[in-house]
Amino acid sequence: MTARVEAADLHLRSLQPSARSVRLAVARLAKSYGGRSAITDVSFEVCAGEFLAILGPSGAGKTTLFRCIAGLVAPDDGSVRLADVDFLRMRRRERRRIAVVFQQFNLVSRISALSNVLAGRLGHVAPWRGFTKRFRRADRLLALECLDRVGLAHKASQRADSLSGGEQQRVAIARALAQQPDVIIADEPVASLDPRISAGILELLTGICHRDGVALVCSLHQMHLAQKYADRIVGLAQGRVVADIPAATFDTAVARRLYGSDELQDMIE
Ligand code: ADP
């Protein structure tokens with residue numbers, strides 16, 4: 001197969017996920033630290049092409065939940081299933097089907113934007129290619145396409161630490177795209193960005209979710225952003241799910257259940 005055909009094939013697969021029906025199912029997830037419960041009995045499902053926002057006050061357990069879903073910490077109880085397969089028992093290479101976007105971008109600062117995106121291909125290539133960083137031309141083309149998708153192809157060779165915060169988050173999203181995932185989990189991806197840049201990042205993630213059929217689970221601090229961009233909202237308070245509703249039905253009563261009256265008042269003022 002020529003590099004050109006391989007690139008075309010990869011391009012198609014990146015635009016048409018193989019299984020639109022793939023979804024993430026989290027069931028009865030629980031995790032404690034030193035005997036103190038961080039999340040308890042957390043269950044929800046996310047469909048292909050659905051944007052699920054996780055809302056909750058600081059300390060509600062959002063990061064713990066994301067770390068458990070991504071396999072970064074082992075839950076004490078419960079399961080994470082991806083298209084009916086136990087994700088936590090999947091081999092490392094298979095786990096690339098869930099991509100993670102972090103609040104602090106987590107790029108390698110001293111290397112280029114393109115090299116950071118290529119890291120998203122590591123789950124797809126032979127291990128020796130990862131060690132030697134000798135990626136196939138098709139992988140390089142795909143990484144470039146992903147950078148183009150986030151509007152940064154022209155900055156491919158620029159060092160990651162010379163990019164603005166918003167640009168770094170776009171590179172992180174391109175890296176997630178290069179993984180060709182079924183699910184993206186984004187842990188407060190706009191918490192460090194100003195409102196205008198945040199809107200651009202959320203529009204980008206929404207487009208990836210709705211157009212490519214990727215299931216998106218995204219924690220957000222701001223209620224109005226969840227209402228504007230998400231299809232569904234799961235509310236977490238003290239480690240438990242207290243709401244699982246269509247975003248359009250989120251109202252003050254649900255917000256009060258999540259944040260409590262005093263904190264809600266502070267957020268509004
Ligand atoms: P959120 O992301 O919603 O702010 P976290 O998941 O970070 O919530 O935290 C939930 C609870 O778990 C908090 O009480 C926090 O102090 C505790 N916690 C989180 N990570 C750790 C850890 N590594 N060690 C001990 N306690 C932790």
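Analyst: Two strands pair if DSSP finds at least two bridges between them. Strands (E, at least two residues) and helices (H or I, at least four) are DSSP runs, numbered from the N terminus. In this structure, strands β9 (residues 232–237) and β10 (residues 240–246) run antiparallel and are joined by six bridges. Val234 has Asp244 in β10 as its bridge partner. The model is a predicted one: local features need pLDDT of at least 70, side-chain atom pairs count only at pLDDT 80 or more, and totals for chains, interfaces and linings use all residues. Residues are numbered from 1 along each chain as its sequence is written.

User: How many helices and strands does the protein chain have, and what percentage of its residues count as buried?

Analyst: The protein chain has ten helices and ten strands. A residue is buried if 20 or more other C-beta atoms lie within 10 Å of its own, exposed if 12 or fewer, and partly exposed in between, with C-beta atoms placed from the backbone. By that criterion, 39% of the 269 residues of the protein chain are buried. Contacts are defined separately: two residues are in contact if their C-beta atoms, placed from the backbone, lie within 7 Å. Of the contacts in the protein chain with a separation of 6 or more, 70% are between residues 24 or more positions apart.

User: In what order do the four strands of the open sheet stand?

Analyst: A general point on reading a sheet comes before the case. In a regular strand the side chains alternate between the two faces of the sheet. Here the order is β2-β1-β4-β5, with antiparallel pairing. Because β2 (36–46) and β5 (85–86) stand at the edges, each with a single partner strand, one side of each is left without a neighbour in the sheet. Helix α2 (residues 62–69) packs on this sheet and touches β1, β2 and β4 (77–82), its direction making about 120° with that of β1. Such angles run from 0 to 180 degrees between N-to-C directions, and axes are lines fitted to C-alpha atoms, for helices over the stretch in contact.

User: How many bridges join the neighbouring strands β1 and β2, β1 and β4, and β4 and β5?

Analyst: Strand β1 (residues 24–33) pairs with β2 over seven bridges, and Ser32 has Ser37 in β2 as its bridge partner. Between β1 and β4 there are five bridges, with Ala27 opposite Ser79 in β4. Between β4 and β5 there are two, and Leu82 has Val85 in β5 as its bridge partner.

User: Which residues have a positive phi, Asn106 and Gln180 included, and where do they lie?

Analyst: Most residues other than glycine have a negative phi, and most peptide bonds are trans. Asn106, although not a glycine, has a positive phi of about 55°; Asn106 lies in the loop between β6 (98–101) and α3 (113–118). Asn106 is exposed, because 12 other C-beta atoms lie within 10 Å. Gln180 has a positive phi of about 50° and sits in the loop between α6 (165–178) and β7 (183–187). Gln180 is buried, because 23 other C-beta atoms lie within 10 Å.

User: At what angle do the axes of α6 and α7 cross?

Analyst: Two packed helices are described by the angle between their axes and the distance between the axes. The axes of α6 and helix α7 (residues 195–212) cross at roughly 10° and come within 10 Å. Angles under 35 degrees count as roughly parallel, over 145 as roughly antiparallel, 65 to 115 as roughly perpendicular and the rest as oblique. The helices α6 and α7 are therefore roughly parallel to each other. Gly166, Gln169, Arg170, Ile173 and Leu177 in α6 meet Ile197, Gly200, Ile201, Leu204, Leu205 and Ile208 in α7.
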